[in-house]
Amino acid sequence: MPSLRHEKLCIAPVVGVDEAGCAPLAGPVVAAAVVLPAKGIPRGIDDSKKLSASERERLHDRLRKCAIVGVGIVENDEIDVLNIYWARMKAMTLAVEQLCATLGCDPGHVLVDGNRLPRWHYPATAIVRGDGISLSIAAASIVAKHTRDRIMIAHAESYPHYGWQRNKGYPAPEHLRALKEHGITPLHRRSFAPVAQIVLPL
């Protein structure tokens, strides 16, 4: 289970950062930055992938009430321009910038899930599989995942053939079938291979 071990080694305020949506064929990449409260941290925070949708929703709502949260969103058309790596870096930067605006100061330290850091001036540490180690990163993973899921569920109403309310834009079989039968939407990432093959068939 994630703990505050890493946070306790850093200068406060400590920000946890994670993203959701690197692998999908459609929709944005979403990052979240979270500063947990000194007291009253919700119980059950864990890597978002280990939680059910209802658990993520409950924890997301609790975190929004008790923690300081920033969210960064990079849409699919910008992902195609930047590539997914730099889009991920931008989303994380936007999330921390939004959090800093609320916080009124820069972070003492930023803990980031993964093995790479954005090009920013904040003191920061990248932690591989940090969403399973750091409580702040795990909290950010929940906010990012729930936020992105809600975006894709909303888009599913406009594009019902692709099953986004279930697959959230990931390359699930029903999504791939719909791509072949109905083509691409304005929300698809044209630079991703399965979509590019529809746009520019061999």
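In β2, the residue that bridges to alanine 20 is valine 30, and this pair belongs to the antiparallel pairing of β1 with β2, which is made over five bridges. Strands are said to pair if DSSP finds at least two bridges between them, while the strands themselves (E, at least two residues) and the helices (H or I, at least four residues) are DSSP runs numbered from the N terminus. The model is a predicted one, in which local features need pLDDT of at least 70 and side-chain atom pairs count only at pLDDT 80 or more, whereas totals for chains, interfaces and linings use all residues. Residues are numbered from 1 along each chain as its sequence is written, and side-chain values use heavy atoms, with hydrogens and water left out.

**The strands**

β1 also pairs with β4, here in the parallel sense and over four bridges, and within that pairing valine 17 has valine 112 of β4 as its bridge partner. On its other listed pairing, β2 runs antiparallel to β3 and is joined to β3 by seven bridges, with valine 34 bridging to valine 69 of β3.

The terms for exposure rest on relative accessible area: buried means under 20%, exposed means over 50%, and partly exposed lies in between (1.4 Å probe, protein chains only).

**The cores and helix α3**

A nonpolar core is a set of buried Ala, Val, Leu, Ile, Met, Phe, Trp, Tyr and Cys residues joined through side-chain atoms within 4.5 Å. The largest such core has 24 residues, and those with the most contacts inside it are Val15, Val17, Ala33, Val96 and Val110. Two or more residues come to this core from each of β1 (14–20), β2 (29–35), α3 (84–103) and β4 (109–113), and α3 gives the most, with eight residues. A second, separate core has 19 residues, including Val30, Val34, Val69 and Val71.

Contact means heavy atoms within 4.5 Å, and when residues up to four places away in sequence are not counted, valine 96 touches Val17, Ala33, Pro107, Trp120 and Tyr122. Valine 96 is one of the buried residues of α3, which also include Ala87, Met92 and Leu99. The buried residues of α3 pack against β1, β2, β3, α2 (76–82) and β4.

The expected span of a helix is 1.5 Å times one less than its number of residues. For the 20 residues of α3 this should come to 28 Å, and the end C-alpha atoms are 28 Å apart, which agrees. After α3 comes glycine 104, whose phi is positive, near 85°.

**Salt bridges**

A salt bridge is a side-chain nitrogen of Lys or Arg within 4 Å of a carboxyl oxygen of Asp or Glu, and a search of the whole structure finds seven of them. Side chains of opposite charge can pair when their charged atoms come close. Three of these bridges are set out below.

| Salt bridge | N to O distance |
|---|---|
| Lysine 49 and aspartate 47 | 3.1 Å |
| Aspartate 131 and lysine 49 | 2.9 Å |
| Arginine 166 and glutamate 174 | 2.8 Å |

Lysine 49 is exposed, with a relative accessible area of 63%, whereas aspartate 47 is buried at 7% and aspartate 131 also counts as buried at 7%. Aspartate 131 lies in the loop between β5 (124–127) and α4 (135–158), and lysine 49 in the loop between β2 and α1 (53–66), so the pair ties together parts that are 82 residues apart in sequence. Arginine 166 is exposed, with a relative accessible area of 53%, and its partner glutamate 174 is partly exposed at 22%. Salt bridges that share partners join Asp47, Lys49 and Asp131 into one network.
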